[in-house]
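Have a look at the screen, and I'll talk you through what I found.

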Amino acid sequence: MTGSGESWLSDGLDDVAGDDCGLWVPGVDYVSGWRTAREAADRLNRALLGASFELSAVRAVASTDRDGRGVVRLAGRPEAVELLAGLLEQLADGSGSAS
């Protein structure tokens with residue numbers, strides 16, 4: 001996803017990022033949403049470690065959206081994300097093994 005400007009950064013993430021996603025709105029409880037996201041991210045990171053992934057290669061990151069709802073993002077190197085996608089595809093197909 002490349003192109004002029006920075007609009008490609010939020011393609012498909014309109015409910016997560018917007019023009020004002022970097023601004024905090026007074027009265028919105030961002031901490032509560034972040035804590036919820038952090039718990040989910042920690043659980044996913046433990047699962048990734050259990051599946052022999054290095055968190056330096058792929059990890060879950062807690063954040064919030066502009067309304068204070070927790071958001072968990074997956075961050076990682078492309079090759080690690082491809083490996084994770086393959087594992088999930090195999091699980092979805094019922095084979096249950098990773099290559």
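So, to start us off: how many helices and strands are there in the chain? There are two helices and two strands, and from the N terminus on they run α-β-β-α. Here, helices (H or I, at least four residues) and strands (E, at least two) are DSSP runs, numbered from the N terminus.

Before the details, some housekeeping. This is a predicted model, where local features need pLDDT of at least 70 and side-chain atom pairs count only at pLDDT 80 or more, while totals for chains, interfaces and linings use all residues. Residues are numbered from 1 along each chain as its sequence is written, and side-chain values use heavy atoms, with hydrogens and water left out.

Okay, helix 1. This one covers residues 30-50, so to speak of its length: 21 residues, reaching 30 Å from the first C-alpha to the last, close to the 30 Å expected at 1.5 Å a residue. That expected span is 1.5 Å times one less than the number of residues.

Which residues of helix 1 are buried? They are Tyr30, Gly33, Ala37, Ala41, Asn45 and Leu48. They sit on the same side of helix 1 because they cover an arc of only 100° around the axis, the arc being that of the directions from the helix axis to the C-beta atoms. By buried I mean under 20% relative accessible area; exposed is over 50%, and partly exposed is in between (1.4 Å probe, protein chains only). And what do those buried residues pack against? Strand 1, strand 2 and helix 2, which is 78-93. Contact there means heavy atoms within 4.5 Å. On the face turned away from the buried side, helix 1 carries the exposed residues Arg35, Glu39, Arg43, Arg46 and Gly50.

Now the ends. At the start of helix 1, a side-chain oxygen of Asp29 comes to within 3.4 Å of the backbone nitrogen of Val31. Just after helix 1, Ser52 has a positive phi of about 70°.

On to the strands. Strand 1 is residues 58-64, with Val58, Ala60, Ala62 and Thr64 on its covered face and Arg59, Val61 and Ser63 on the uncovered one. Strand 1 runs antiparallel to strand 2, residues 70-76, and seven bridges join them. For two strands to pair, DSSP has to find at least two bridges between them. As one example, Arg59 has Ala75 as its bridge partner in strand 2. Five residues lie between the strands of this hairpin, and Gly68 takes a positive phi near 90° there.

Last topic: charges. Side chains of opposite charge can pair when their charged atoms come close. A search of the whole structure finds four salt bridges, each a side-chain nitrogen of Lys or Arg within 4 Å of a carboxyl oxygen of Asp or Glu. One of them joins Arg38 and Asp42, with the closest N and O atoms 3.0 Å apart. Both lie in helix 1, four residues apart, about one turn of the helix.

Then there's Arg69. Its closest N and O atoms are 2.6 Å apart with Asp65 and 3.4 Å apart with Asp67, and the three residues are linked in a network of salt bridges. Is Asp65 buried or exposed? Asp65 counts as buried, at 4% relative accessibility, whereas Arg69 is partly exposed at 48%.

How values were computed. Polar contact = N/O pair within 3.5 Å; in protein donor to acceptor, adjacent residues only side chain to side chain.
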